Amino acid sequence: MTSRHPETGGPGQLRGLKVVEFAHVVAGPLAGSLLADQGADVVHVEPPGTGDAARGMGPRKDGHPLWFKVAARNKRSVTLDLHHESGRELAQRLVAWADVVIVTLRSGRLRAWGLDWETVHRINPKAVLLQISGFGATSSQADAPGFGKVGEARSGVVHLTGFPEGPPVHTGFSHGDAVTGLMGAYAVLAALHRRDHDPRFDGEWIDLALFEPLFRLVEWQVIVHDQLGTVPERSGNQLAVAPAAVINTYRSRDGEWLTVTSATLRSVRNIARLLGLDEDEFATAEQQYAKRGQLDDGLRAWVGERTAAACLEAFARAEVVASRVFSAEDIAADPVYAEREDIVTVDDADLGPVRMQAVLPHFRQRPGRVWRTGPGLGQDNHLVYCDWLGLGEDELAQLEQRHVV
C-alpha cells in the first residue's frame, strides 16, 4: 500500500524532528508515539506481509484491531525486510536521515543488522540512539529476551502491589513497557537539548533496560533497605512506607467503589467529624495513625450504608478528598475529562470516527494534535523512500518485486 498524497503531519513542539524506529509492540513504539504526538516525523519500520505484532493484539471491531489505531497514531509506516542485504542498506539510509533512532532488538541482532551503537554512530555521528532491552546492553543478559511484565517484576513494584495475605499483583495494562516508553522519550529530549547547545556533541547512546524506569520511580526502596535493613512489603491500598491514616477503597450501597485518601491532620479530622467521632482523639499524627483501623472500619461501614452519589456529596461538603474508581465508561462520560479536552475524535479509514486520548500534556501556546490513527502496513513507503530518502520510482518497484519492502 502506498500513499502518493499523504496527510500533513501534526503541529507541536517537535515539528521537523526526524525519528526512525526499528521497534515493535509497546515500549519503543510508545517512546516514538509520544514524540510523534508533538509533531516529530516518526517512521515505523515493519516487516512486509506480517507487520508489527501489535497490529494483531487486543480487541477488534469488524476485524480491525483497535489498540494499534492508538499505538501507531501520527506515524508513518514503511515495510522493510532486514534479512535482505538490500534491506539493511536501506535501513542505513534511514539511520543517516534520522535525528533519532529507536531500537528494541537484542544486542546480537542489532550488530548483525547494523543497528548497534557503533554502526549507527559511524553512519550518523549526530544521531541519538535509544536502545530498549530486557536487561540492558551492558549486562551479562544483553541477548536474553525480555518483556514488560518481567521488567515490572524485577523493578520491585510487583512485590509491593497487592494485599499482605495475597499474591504479588501486576497492573492491568503494559505498565513496565509504558513507563519505559515515557522515560525513553524524556531521555531522547534530554540528549537533543545537549545536541542543540553543545558544539562538541558527538551523538548519544541511551541504553535503557525494561526494569529500570519503574525501579527509579520507587524512590525509597533502596535507601530503606540499605539503611534500615528492612524490606518493604505489600500493604494493600496503603503506601508501603510513610502510610497515611486513611488510604483505601470502599464499596457503596449501590455497588460502586470509592477511593478516600487523607494524609494531613486537618483532612483526617474532617473524616472523624463526618463519622461522628471525637475530633480531640485525632489531634496529632500519632493519634491518627494509632486509630487508623477505627477510621478504616468506620468509613467502610459509613460508605456501605449510602449510595455513591450521596457519599461523594457528603465528602465534598466535609472537604474529604474522594473519588469514584473510574472505568473506561466513567472516563468517557466525565465532565472534567470533557472540560480538559482529554478525549478527541479522529477519523479512521477502517472504522470512521473513533475516540482516543488527546495529545498529553497540553501545550497551550503550540499544542500537538492527533492527525491520523495507526496507518496501514506500508502506507508511507512511497513518501518515505522516494520523497524523503530520494529513491527512484524504478528502484522502489524493484525492491517491492523482490519483497524487500
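Q: Where is the place of Pro361?
A: Pro361 belongs to the loop between strand E13 (352-357) and H17. Helices (H or I, at least four residues) and strands (E, at least two) are DSSP runs, numbered from the N terminus. This is a predicted model, in which local features need pLDDT of at least 70, side-chain atom pairs count only at pLDDT 80 or more, and totals for chains, interfaces and linings use all residues. Residues are numbered from 1 along each chain as its sequence is written, and side-chain values use heavy atoms, with hydrogens and water left out.

Q: Is the peptide bond from Leu360 to Pro361 cis or trans?
A: The bond joining Leu360 to Pro361 is cis, and its omega is near 0 degrees.

Q: What is the phi of Asn74?
A: Asn74 is not a glycine, yet its phi is positive, at about 65 degrees. This residue is found in the loop between helix H2 (67-71) and strand E5 (76-79).

Q: Buried or exposed, that Asn74?
A: Asn74 is buried, with a relative accessible area of 1%. Buried means under 20% relative accessible area, exposed over 50%, and partly exposed in between (1.4 Å probe, protein chains only).

Q: And Glu319, what about its phi?
A: Glu319 also has a positive phi without being a glycine, with a value of about 60 degrees. Its loop runs between helix H14 (308-317) and strand E11 (322-324). Glu319 is partly exposed, with a relative accessible area of 47%.

Q: Changing topic: how many helices and strands does the protein have?
A: The protein contains 18 helices and 13 strands. Its C-alpha trace spans about 85 × 50 × 40 Å along the principal axes. Of the 405 residues, 45% are buried.

Q: What share of the contacts join residues at least 24 apart?
A: Taking contacts between residues at least 6 apart in sequence, 68% link residues at least 24 apart. A contact means heavy atoms within 4.5 Å.

Q: How many of the residues of H1 are buried?
A: Helix H1 is mostly covered, with 9 of its 11 residues buried. The buried positions in H1 are Ala27, Gly28, Pro29, Ala31, Gly32, Ser33, Leu35, Ala36 and Asp37.

Q: What covers the buried residues of H1?
A: The cover includes E1, E2, H2, E6, E7 and helix H8 (175-197). After H1 comes Gly39, which has a positive phi near 100 degrees.

Q: Which residues is Glu21 in contact with?
A: Glu21 is in strand E1, and it is buried, with a relative accessible area of 0%. Apart from neighbours within four places in sequence, Glu21 is in contact with Gly28, Pro29, Gly32, Val42, Val43, His44, Val45, Lys75 and Ile102.

Q: Where is Gly184, then?
A: Gly184 is in helix H8. Gly184 is buried too, with a relative accessible area of 0%. Apart from neighbours within four places in sequence, Gly184 is in contact with Ala31, Leu130 and Leu208.

Q: What separates the C-alpha atoms of Gly184 and Leu396?
A: A distance of 33 Å separates the two C-alpha atoms, and these residues are 212 residues apart along the chain.

Q: What does Phe22 touch?
A: Not counting residues up to four places away in sequence, Phe22 touches Val45, Leu82, Ala91, Leu94, Val95, Val101, Ile102, Val103, Thr104, Leu105 and Leu115.
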